[in-house]
Amino acid sequence: MVIRSLKNDEQPPWDLLLLADPSEELVSAYLNDSFCYVADLDNSVVGIIVLFPKSEDIIEVMNIAVSEYIQGKGIGSKLIKHGIEAAKEKGFKTVEIGTGNSSISQLALYQKAGFRIVGIDQDFFVRHYPEPIYEHGIQCRDMIRLSMQI
Ligand code: COA
């Protein structure tokens, strides 16, 4: 598997982007101003991480996704590590990420990668998404904010 930058003239893998964030409108709002890295396996894109610079020092992982058939095999962890290294090289000092209160495996992944919980944006998903979202029988209401100094 190879992780590389998404080329300027390359069609973004929308199936993956929408797996992590069902709102095409929200994804479109940050995609063009972000750094995008994709994981290639056997000549097809199986993963993506999107990092959006929020300020001179802070960059946020806005989207991370791995093709469903190949999840749980370490590609998500490798994409996070790659994103952190790329952010370091570009001179950012902090990486942020947000996920739903019901996203149990994502919370595990991010904390294993070294992120710490720094806040909760209450009712974020109720305010921004028209339909209620459920995972593991839990309504996704609040955004858990995590951060890492790099
Ligand atoms: N308890 C403890 N650890 C757990 C866990 C749980 N319930 N669920 C997952 N993990 C751990 C795994 O053990 C692994 O840790 P390890 O590397 O120490 O073994 C880590 O989390 C992630 O595993 P990995 O195989 O690298 O993840 P992945 O390739 O499946 O990618 C996602 C993770 C989230 C990108 C992928 O599942 C995905 O695309 N999900 C849909 C899109 C999405 O939800 N994106 C995030 C939006 S916030």
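Mentor: Ala, Val, Leu, Ile, Met, Phe, Trp, Tyr, Cys and Pro count as nonpolar, Asp, Glu, Lys and Arg as charged, and the others, Gly among them, as polar. By those classes, the lining of the largest pocket has 21 nonpolar, 14 polar and 7 charged residues. The model is predicted. The pocket is lined by 42 residues, and A20, I64, T99, Q106 and Y110 are the closest to its centre. β4 gives the largest share of the lining, 7 residues.

Now the ligand itself. The shell around the ligand holds 19 residues, the closest being I64, V66, G72, G74 and Q106. By class, 9 of the shell residues are nonpolar, 8 are polar and 2 are charged. At least two shell residues come from each of α1 (14–20), β4 (58–66), α3 (75–89) and α4 (104–112). The largest share of the shell, 6 residues, belongs to α4.

A polar backbone atom of I64 is 2.8 Å from a nitrogen atom of the ligand. For G76, a polar backbone atom lies 2.8 Å from an oxygen atom of the ligand. Q71 uses its side chain: a polar atom there is 3.3 Å from a ligand oxygen atom. On its own the ligand has 960 Å² of accessible area, and the protein covers 67% of that.

Conventions: Residues numbered from 1 in each chain as written. Predicted model: local features only at pLDDT ≥ 70, side-chain atom pairs only at ≥ 80, totals over all residues. Heavy atoms only, no water. Near = heavy atom within 4 Å. Polar contact = N/O pair within 3.5 Å; in protein donor to acceptor, adjacent residues only side chain to side chain. Areas by Shrake-Rupley, 256 points an atom, 1.4 Å probe, with all protein chains shown as cover. Helix = DSSP H or I, 4+ residues; strand = E, 2+ residues; numbered from the N terminus. 1 Å grid on protein atoms, 1.4 Å probe; cavity = no way out; pocket = protein on both sides within 12 Å on 5 of 7 lines; lining within 4 Å.
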